[in-house]
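Trainee: I have a structure open and would like to go through it. Can we take it piece by piece?

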Amino acid sequence: MERIKRLFLPKPITLSNGKVIQPKMSPAIYVVPILTFMTLYSIQLTGFKLATLFRRGYQFFVILDGMIPPNFAYFEKVWEPLLATIMMSILGTVIGSLLALPAAYISSENMMKSKFVKFITKAFLSVVRTFPILVLALLFRIIFGIGAFAGTMAIGIFTFTIMTKMFYELIDTADMGPFEALMSSGASRIQAFWVAIMPQLWGQYFSLVLYNFEMNIRNAAILGYVGAGGIGLILNERLGWRVYPDVGLILLVMMITVYMIESLSRTIRKKLL
Amino acid sequence: MSLNSRVNEQLSKQPKVLLKNTAIIVLNLLILFLSTQYVEIKGLTETGVDIAGAIIQSIFTPNLEFLLNFSTKGGVPYLLLETAAIAFLGTIVGAIISIPMAFLSSRNVVPSWVAHIGVAIITVIRTFPAVVYGLMFIRVTGPGAFTGVLTLAIASVGMISKLYIEIIEELDPGIIEALDAAGCDRIQKIQYGIIPQLLSNFLSTAIYRFEINVKYATILGMVGAGGIGAPLIFAINAYRWKDAGALLVGLIIFVLIVEAISTQLRKKLA
């Protein structure tokens with residue numbers, strides 16, 4: 001009991017001159033009750049029941065069991081949506097990364113002088129960044145019609161907001177020496193930026209592009225759910241019909257694709273940095 | 001030697017990368033061209049411009065009655081509270097499962113072959129997007145917030161355990177040896193040597209994942225796993241823009257608040 005009490009309230013220390021010091025109370029004394037309360041409240045709100053999990057949990061393994069062995073004959077129908085997913089990610093990443101260049105320029109502390117422009121772009125980007133990619137896809141599906149184009153645009157905008165943020169942080173920390181040298185020799189700000197700042201950052205920029213591409217491959221896989229093209233469409237359909245061997249194959253193919261693209265992108269990124 | 005010829009001499013020393021760069025650019029353009037073949041560029045649908053206008057307008061003129069309805073279960077505040085609860089509980093469950101997972105996959109705790117198996121399992125879990133787990137769990141526990149919690153828990157395990165492993169593998173053994181030398185017993189070693197090293201990083205990781213889970217919880221609602229996603233997808237599909245606007249505004253404010261709190265807490269922990 002003493003030990004548990006000491007976890008929260010450390011023992012007073014007596015110094016050699018007789019002064020007694022009480023070390024600070026551990027923050028656990030208020031963090032633990034708050035966390036407990038929030039957990040209990042969430043359990044009540046979400047209807048979390050361990051009993052249901054124990055009663056129905058085996059169903060999850062029934063599904064997993066149904067997926068093994070995967071139905072390899074189904075690959076015929078998988079490769080085309082898979083290719084579409086990859087192409088959507090490529091195109092979306094390229095669109096987003098290109099748009100991010102000028103946007104990062106006007107949001108960076110050291111390049112952009114106008115506080116007003118910086119504030120507006122940063123606020124706009126933070127607001128757009130709060131939209132999950134599926135919400136964007138849902139909106140674009142109505143604007144652009146069902147299909148891969150809506151998905152591509154969703155990926156493009158999503159990448160744009162993330163890339164801009166990551167890239168202006170890089171511009172902020174770039175070495176300003178060459179930039180000032182060019183400015184003093186009469187170059188315009190944009191010229192100086194392009195010749196003095198960008199060469200420092202191209203490697204990191206392409207590394208970010210590849211990193212976003214990795215993320216987008218995973219994201220693109222789910223866009224099919226709202227009708228925005230790609231492999232998610234058939235995944236949802238096959239799960240709905242409970243054709244688990246086909247689902248198994250789709251997941252296997254997805255896993256291999258993601259793994260291959262990640263390894264490839266990591267190898268290139270190592271060379272870039 | 002004049003300045004110009006010195007500049008020219010220096011320029012001629014530049015490595016010759018033209019051929020290599022051209023090859024890379026051509027290859028990339030080829031991939032890009034191929035991808036445009038796959039993604040049929042359709043432009044806007046006939047009503048697309050009007051709809052885009054309606055969506056943007058709706059964010060500025062949301063259905064205020066719906067947005068500020070604090071009393072009943074149908075209002076935006078309640079839906080956001082439910083979303084937060086799903087994300088919170090998912091993070092807690094995920095973080096708790098991650099602790100033993102991470103210890104059993106750390107090379108400085110278990111033999112390296114055990115660690116390899118653990119890391120492989122975690123990698124497989126991380127491969128699939130949360131929505132895929134959501135679609136699977138719906139067949140297990142039915143639609144509702146409970147499914148959302150389970151989905152986020154599993155999806156969190158993938159990322160949290162990976163980060164926890166990194167934290168555990170960076171444990172400083174010197175501190176524990178020092179405590180050993182000072183004659184501490186096992187519990188004291190854990191209390192003064194291990195917990196202080198791990199706790200703040202563990203909490204910081206969990207808070208960061210909570211921020212991500214809040215966004216995922218919105219998405220999961222769309223597949224029927226509780227929270228604000230389902231009303232949002234219904235409102236958009238039914239072209240009820242005022243309601244959709246209220247939900248989106250609620251979502252924007254909510255996510256911005258969560259991001260701000262999470263950043264502040266993590267700054268304190270660091």
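Trainee: What does the secondary structure of chain A come to?

Mentor: Keep in mind that this is a predicted model. Chain A has 12 helices and two strands. Starting at the N terminus, the order is α-β-β-α-α-α-α-α-α-α-α-α-α-α.

Trainee: Is chain A a compact globule or more spread out?

Mentor: More spread out, because its radius of gyration is 26 Å, well over the 19 Å that the globule rule gives for 273 residues. The C-alpha trace spans about 75 × 70 × 35 Å along its principal axes.

Trainee: What domains does the assignment give for chain A?

Mentor: Domain 1 covers 2-48 and domain 2 covers 72-272. Their C-alpha centres are 44 Å apart.

Trainee: How much of chain A is buried?

Mentor: Buried residues are 38% of the 273. As for the largest nonpolar core, it has 132 residues, and A:L136, A:A137 and A:A154 have the most contacts inside it.

Trainee: Which residues does A:A137 touch?

Mentor: Leaving out residues up to four places away in sequence, A:A137 touches A:A150, A:G151, A:A154, A:L223, A:V226 and A:A228.

Trainee: Switching topic. Where is the cis peptide bond?

Mentor: It runs from A:I68 to A:P69, with omega near -5°. A:P69 sits in the loop between α4 (58-67) and α5 (75-107) of chain A. In general, most peptide bonds are trans.

Trainee: And what about phi at A:R242?

Mentor: Phi there is positive, about 60°, although A:R242 is not a glycine. The residue lies in the loop between α11 (231-240) and α12 (244-272) of chain A.

Trainee: Why is A:R242 called exposed?

Mentor: Because A:R242 has 11 other C-beta atoms within 10 Å, and a residue counts as exposed at 12 or fewer.

Trainee: What is phi at B:Y239?

Mentor: Near 60°, again a positive value in a residue other than glycine. B:Y239 is in the loop between α11 (229-237) and α12 (241-269) of chain B. With 13 other C-beta atoms within 10 Å, B:Y239 is partly exposed.

Trainee: Where is the kink in helix α10 of chain B?

Mentor: At B:I195, shortly before the proline B:P196; the kink is about 50° and the helix covers residues 186-222. B:G224, with a positive phi near 100°, follows α10(B).

Trainee: Last one. How many residues of chain B are in contact with chain A?

Mentor: 50 residues of chain B, in contact with 49 residues of chain A. Helix α7 (residues 130-141) of chain B gives the largest share of chain B's side, seven residues. That side divides into 36 nonpolar, nine polar and five charged residues.

Notes: Residues are numbered from 1 along each chain as its sequence is written. Chains are lettered from A and ligands numbered from 1 in the order in which they are written. This is a predicted model: local features need pLDDT of at least 70, side-chain atom pairs count only at pLDDT 80 or more; totals for chains, interfaces and linings use all residues. Two residues are in contact if their C-beta atoms, placed from the backbone, lie within 7 Å. Helices (H or I, at least four residues) and strands (E, at least two) are DSSP runs, numbered from the N terminus. Ala, Val, Leu, Ile, Met, Phe, Trp, Tyr, Cys and Pro count as nonpolar, Asp, Glu, Lys and Arg as charged, and the others, Gly among them, as polar. Domain bounds come from an automatic or database domain assignment. The bend at a residue is the angle between axes fitted to the seven residues ending there and the seven starting there. The radius of gyration is taken over C-alpha atoms; the globule rule is 2.2 Å times the number of residues to the power 0.38. A residue is buried if 20 or more other C-beta atoms lie within 10 Å of its own, exposed if 12 or fewer, and partly exposed in between; C-beta atoms are placed from the backbone. A nonpolar core is a set of buried Ala, Val, Leu, Ile, Met, Phe, Trp, Tyr and Cys residues joined through C-beta atoms within 7 Å.
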